[in-house]
Amino acid sequence: MLSLDDACRLVGARGRLMGALPAGGLMVAVEASEEDVMPLLSDGVSVAAVNGPSAVVVSGVEEEVLALVTQLGVRSRRLRVSHAFHSPLMEPMLADFRAVVEGLSFGEPWIPMVSSGDVTSAEYWVRHVRDTVRFADAVRQLESAGSRVFLEIGPGASLTAMSQECLATPDVVTAVPALRGDRSELRSLTEA
């Protein structure tokens, strides 16, 4: 859907603009539902990701994120990240990023995709920076469309485990990671 040059421009601009943002902010994974978290949000905190029925990531101004986590009173884990992605702290880069994306030439994707909008629009990519990642919804959408094999292509198995928590019929779906930290890449990929 993008030429190699345009894809490099998109990725490069996103990284450069995010990297230029002031340091600070916090992302925390909490064992809570989106419904439990939503009433506790403040102007400086967003739901960064909904990864499962009780797996949500909150992101934003550190003090406000910590206050929300304390109010929830559930198990939580700080994420080691450079910035509070998918939060209000990303807003200063959005206009510049939009200007870059509007200069790219998009074609129609030839591989089917699960997405929350028109991936050929600048608006989609700007929202991709700021809005909630809806992983659980995507897994459910794939399952509803008949997908029965999920292969995680990445450095570990965290999405594999999360996807299994989202499935309506986990006993008829196979979910495996392509790579595992405790095995060689070749062995891991072959076993997958």
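**A close look at the charged contacts and their surroundings**

Tutor: Happy to! Let's begin with Arg-130, which has a relative accessible area of 17% and so is buried. Buried means under 20% relative accessible area, exposed means over 50%, and partly exposed is in between, with a 1.4 Å probe and protein chains only. Please keep in mind that this is a predicted model, in which local features need pLDDT of at least 70 and side-chain atom pairs count only at pLDDT 80 or more, while totals for chains, interfaces and linings use all residues. Residues are numbered from 1 along each chain as its sequence is written, and side-chain values use heavy atoms, leaving out hydrogens and water.

What does Arg-130 form a salt bridge with? Its partner is Glu-91, and the closest N and O atoms are 2.9 Å apart. The two residues come from distant parts of the chain, 39 residues apart: Glu-91 belongs to helix H4 (residues 91-102) and Arg-130 to helix H5 (residues 122-130). Glu-91 counts as partly exposed because its relative accessibility is 41%. A salt bridge here is a side-chain nitrogen of Lys or Arg within 4 Å of a carboxyl oxygen of Asp or Glu. Helices (H or I, at least four residues) and strands (E, at least two) are DSSP runs, numbered from the N terminus.

By this rule there are twelve salt bridges. One of them joins Arg-75 to Glu-31, with 3.2 Å between the closest N and O atoms. This pair also links distant parts of the chain, 44 residues apart: Arg-75 sits in the loop between helix H3 (62-72) and strand S4 (76-78), and Glu-31 in the loop between strand S1 (26-30) and helix H2 (34-37). Arg-75 counts as exposed because its relative accessibility is 64%, whereas Glu-31, at 43%, is partly exposed.

Salt bridges can also join up. Glu-34, Arg-134, Asp-137 and Arg-140 are linked in a network of them. Inside it, the side chains of Asp-137 and Arg-134 meet at 2.7 Å, N to O. Asp-137 is partly exposed, with a relative accessible area of 33%, and Arg-134 is partly exposed with a value of 33% too.

Now back to helix H5, residues 122-130. The structure holds one aromatic pair, formed by Tyr-124 and Trp-125, which is edge-to-face with 5.1 Å centre to centre and 85 degrees between the planes. Rings of Phe, Tyr and Trp (its six-membered ring) pair if their centres lie within 6.5 Å; planes under 30 degrees apart count as stacked, over 60 as edge-to-face and the rest as tilted. Both Tyr-124 and Trp-125 are buried.

For another covered region, look at strand S3 (residues 55-60), where six of six residues are buried. Ala-55, Val-57 and Ser-59 point one way, while Val-56, Val-58 and Gly-60 point the other way. Two strands pair if DSSP finds at least two bridges between them. S1 and S3 run antiparallel and are joined by five bridges; Met-27, for instance, has Ser-59 as its bridge partner in S3. Strand S2 (residues 45-52) is also antiparallel to S3, with six bridges, and a hairpin joins S2 to S3 through two residues.
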